[in-house]
Amino acid sequence: MRIVFMGTPDFAAKSLERLYDDGRDIVGVFTQPDKPKNRGMKTGMSPVKELALTRGTPVYQPATLRDETALDILKQLEPELIAVVAYGKILPKDILDLPQLGCINIHGSILPKYRGSAPIQRAVLNGETETGVTAMYMAEAMDAGDIILIKKTDIAEMETSGELYDRLGGLGAQLLSETIKAIEKGTATRTAQHDAEATYAPPLTKELSPIDWGRSSQEILCQIRGLNPWPAATAMIGGITCKIFTAAPTSRPAQAVPGTVVGTSGGIEIAAGDGTIMITQLQAPGGKRMSAENYLRGHPL
């Protein structure tokens, strides 16, 4: 089976690695154009591109799929199947209709919940206790295609979106492998999504970062977990706006105005709307990410 793979970040690279390990015939890889990365803003390759090049697979990085260029490349590659994982571009109808076996996608949620670009982070932000990955046939509407297979997993109580992202990347790779085997055998099923049950996961923005200490402890903890590693929750501590990366619940009731530092033993304890939480890891502007205990040595409160 001739397969074209489309993907960009680490989440997708795990799926591509699995296809190589399965001995699949990857005739081409599409990924996002190289972009400036990190503080030095040097142009860097996506993880998918790096992997494909080490395996000797042709890599294509069209700025758009909406002109004839990408379609012409795909026609030359003659894929029987296109597998898409976190590519970052919408496939137009002429590409969706091209491969004989269709275009499939691995999405980081239990569809139809959390369609969109940030399903993993939004699930954590919203306090979900279960999520998963879905394999589907792609349609013109975003994440609305017929479902093939789903794998579910619990979200750990203190798991961050970054940790869950890594874990679902591995689960998605396994699901893609199983899905392609089912398509190959002719046993892949199609289950239409119930659009009325759909929810959406829009991109994260820095506007989500500031913590409202009047909210419940659980809501604040979900915000901190869901925005870790990016854009990170933020809070004013000792007159300095810090990024907050990890925190833990306490069993103590709130006996101060929300947002007040009420203790510095074992971390930075702050009053919330219904109790207190303990900040355990943070980062000051221009500083490094560190434990709250280390931060307090240089910034006593």
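An open sheet of 7 strands, with mixed pairing, has the order β5-β2-β1-β6-β7-β8-β9. Its edge strands are β5 (59-60) and β9 (147-154), each of which pairs on one side only. Helices (H or I, at least four residues) and strands (E, at least two) are DSSP runs numbered from the N terminus, and two strands pair if DSSP finds at least two bridges between them. This is a predicted model, in which local features need pLDDT of at least 70 and side-chain atom pairs count only at pLDDT 80 or more, while totals for chains, interfaces and linings use all residues. Residues are numbered from 1 along each chain as its sequence is written, and side-chain values use heavy atoms, with hydrogens and water left out.

**Overall architecture**

- The protein chain has 8 helices and 15 strands.
- Its C-alpha atoms fill a box of roughly 65 × 45 × 30 Å, taken along the principal axes.
- Of the 301 residues of the protein chain, 48% count as buried; buried means under 20% relative accessible area, exposed over 50%, and partly exposed in between (1.4 Å probe, protein chains only).
- Among contacts in the protein chain with a separation of 6 or more, 63% come from residues 24 or more positions apart, where contact means heavy atoms within 4.5 Å.

- Strand β7 (residues 103-107) and strand β8 (residues 130-137) run antiparallel and are joined by 4 bridges.
- Within this pairing, Ile-106 has Ala-135 in β8 as its bridge partner.
- Helix α6 packs on the sheet, where it touches β1 (2-7), β6 (81-85), β7, β8 and β9.
- The direction of α6 makes about 150° with that of β9; axes are lines fitted to C-alpha atoms, for helices over the stretch in contact, and angles run from 0 to 180 degrees between N-to-C directions.

- Strand β10 (residues 233-237) pairs with strand β11 (residues 240-249) in the antiparallel sense over 5 bridges.
- Ile-237 stands opposite Ile-240 in β11.
- The hairpin of β10 and β11 has 2 residues between the strands, and Gly-238 takes a positive phi near 60° there.
- Strand β11 also runs antiparallel to strand β14 (residues 276-283), the two being joined by 6 bridges.
- Thr-246 has Gln-281 in β14 as its bridge partner.

**Packing of helices α1 and α2**

- The axes of helix α1 (residues 10-21) and helix α2 (residues 47-54) come within 8 Å and cross at roughly 25°.
- That crossing makes α1 roughly parallel to α2, since angles under 35 degrees count as roughly parallel, over 145 as roughly antiparallel, 65 to 115 as roughly perpendicular and the rest as oblique.
- From α1, Asp-10, Ala-12, Ala-13, Leu-16, Glu-17 and Tyr-20 meet Pro-47, Val-48, Leu-51 and Ala-52 of α2.
- The residues of this contact divide into 8 nonpolar, no polar and 2 charged; Ala, Val, Leu, Ile, Met, Phe, Trp, Tyr, Cys and Pro count as nonpolar, Asp, Glu, Lys and Arg as charged, and the others, Gly among them, as polar.

**Helix α7**

- Helix α7 (residues 217-226) is mostly covered, with 8 of its 10 residues buried.
- The buried residues of α7 are Ser-217, Ile-220, Leu-221, Cys-222, Gln-223, Ile-224, Arg-225 and Gly-226.
- These buried residues pack against α5 (119-125), α6 (161-185), β10, β11 and β14.

**Salt bridges**

- A search of the whole structure finds 13 salt bridges, each a side-chain nitrogen of Lys or Arg within 4 Å of a carboxyl oxygen of Asp or Glu.
- Arg-167 forms a salt bridge with Glu-159, with the closest N and O atoms 2.9 Å apart; Arg-167 is partly exposed at 35% relative accessibility, whereas Glu-159 is buried at 8%.
- In the salt bridge between Glu-219 and Arg-215, the closest N and O atoms are 3.9 Å apart; Glu-219 is partly exposed at 37% relative accessibility, and Arg-215 is partly exposed at 30%.
- Glu-269 and Arg-252 meet through their side chains in a salt bridge of 2.7 Å, N to O.
- This pair links distant parts of the chain, 17 residues apart, with Glu-269 in strand β13 (residues 268-271) and Arg-252 in the loop between β11 and β12 (261-263).
- Glu-269 is buried, with a relative accessible area of 8%, while Arg-252 is partly exposed at 41%.
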